Each structure stands twice: as structure tokens, then as C-alpha cells.
Amino acid sequence: MESFENQEILRDQVVAALRSAHEAGATADDFAEKAPEAFRLLGSWIDQEEAKLGASAEDQIRFNAVRAEMLFEAGFVSDAREALLDAAEYARNVGLDDLAKEILEKLNSDGGEYRV
């Protein structure tokens with residue numbers, strides 16, 4: 001088992017690991033079981049990046065949107081869409097309407113008509 005402590009984990013490393021897991025048949029429901037190394041890498045990257053985040057709701061929402069974009073790039077399209085919708089709804093709920101609109105525009109860029 002590889003340890004990721006004291007290493008800078010790059011976003012592209014995580015996306016590549018997620019993509020490999022997806023191509024191997026992992027789903028969001030069984031990801032930890034079917035791709036434990038990728039799961040640990042993702043968790044370590046999240047911990048690393050959260051340590052850099054500000055405490056504002058906007059920072060948290062933007063980070064969640066980045067994570068969703070990574071899922072999309074890796075092939076977990078429906079999970080990514082759901083995560084982006086959740087981020088947009090949270091932004092709207094805390095009064096960040098412009099951020100909610102920005103996130104929805106990303107979602108709708110593929111021809112969808114998402115709203116919160």
C-alpha cells in the first residue's frame with residue numbers, strides 16, 4: 001500500500017487514477033472496494049487541498065465544484081452532474097446566486113437545462 005504522506009498530490013494524478021478506476025468498472029457506490037488505491041489517493045488529495053482552503057462557504061462550494069469536474073473528466077458523468085447540482089443548490093441557499101449561476105452554466109454547457 002502506497003503512502004501519500006508528505007507528497008504533493010497533483011490534480012492530474014487523481015483524475016488519472018479515477019479514470020482508471022472508472023474504466024475498470026468502479027462506480028461511485030463501490031469505488032472504495034474496487035479501487036482502494038485510487039480511493040486513498042483521492043482522499044489524500046482532498047485532505048491536502050482542504051488544508052489550503054479558506055473557511056468561507058464560497059471556498060467550500062468552489063472546491064466541491066472542482067471535485068465534481070474531476071469526476072466528470074474521469075468518466076463519472078452522472079455523479080459529477082449530481083455533485084455540481086448540489087454545489088449550485090448550496091450556493092443558492094447561502095445567497096451566492098452568481099456562483100450558483102456560474103456552476104449551472106458549466107452544467108448546461110453540454111446542452112442540459114439544469115436549475116436549482
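In helix H6, the buried residues are Leu99, Ala100, Ile103, Leu104 and Leu107, where buried means under 20% relative accessible area, exposed over 50% and partly exposed in between, with a 1.4 Å probe and protein chains only. They cover an arc of only 135 degrees around the axis, so they sit on the same side of H6; the arc is taken over the directions from the helix axis to the C-beta atoms. Helices here (H or I, at least four residues) are DSSP runs numbered from the N terminus.

Please keep in mind that this is a predicted model, in which local features need pLDDT of at least 70 and side-chain atom pairs count only at pLDDT 80 or more, while totals for chains, interfaces and linings use all residues. Residues are numbered from 1 along each chain as its sequence is written, and side-chain values use heavy atoms, with hydrogens and water left out.

What lies over that buried side? The cover of the buried residues of H6 includes helix H4 (57–74) and helix H5 (77–93). Leaving aside neighbours within four places in sequence, Leu99 is in contact (heavy atoms within 4.5 Å) with Glu58, Ile61, Arg62 and Ala91. Leu99 and Arg62 are 37 residues apart in sequence, yet their C-alpha atoms are 8.4 Å apart in space.

Now for the pockets. A pocket is an open set of points on a 1 Å grid over the protein atoms alone, where a 1.4 Å probe fits, with protein on both sides within 12 Å along at least five of seven lines; lining residues have an atom within 4 Å of a point. The largest pocket holds about 230 Å³ of space, a volume being the space filled by probe spheres set on the points. Its lining has 13 residues, and Ala28, Phe31, Leu71, Phe76 and Asp79 are the closest to its centre. H5 gives the most to this lining, with four residues. By type, the lining has nine nonpolar residues, no polar ones and four charged; Ala, Val, Leu, Ile, Met, Phe, Trp, Tyr, Cys and Pro count as nonpolar, Asp, Glu, Lys and Arg as charged, and the others, Gly among them, as polar.

The second largest pocket has a volume of about 190 Å³. Its lining includes Trp45, Arg67 and Asp86, and H4 gives the most to it, with five residues.

Terms used
Helices (H or I, at least four residues) and strands (E, at least two) are DSSP runs, numbered from the N terminus.
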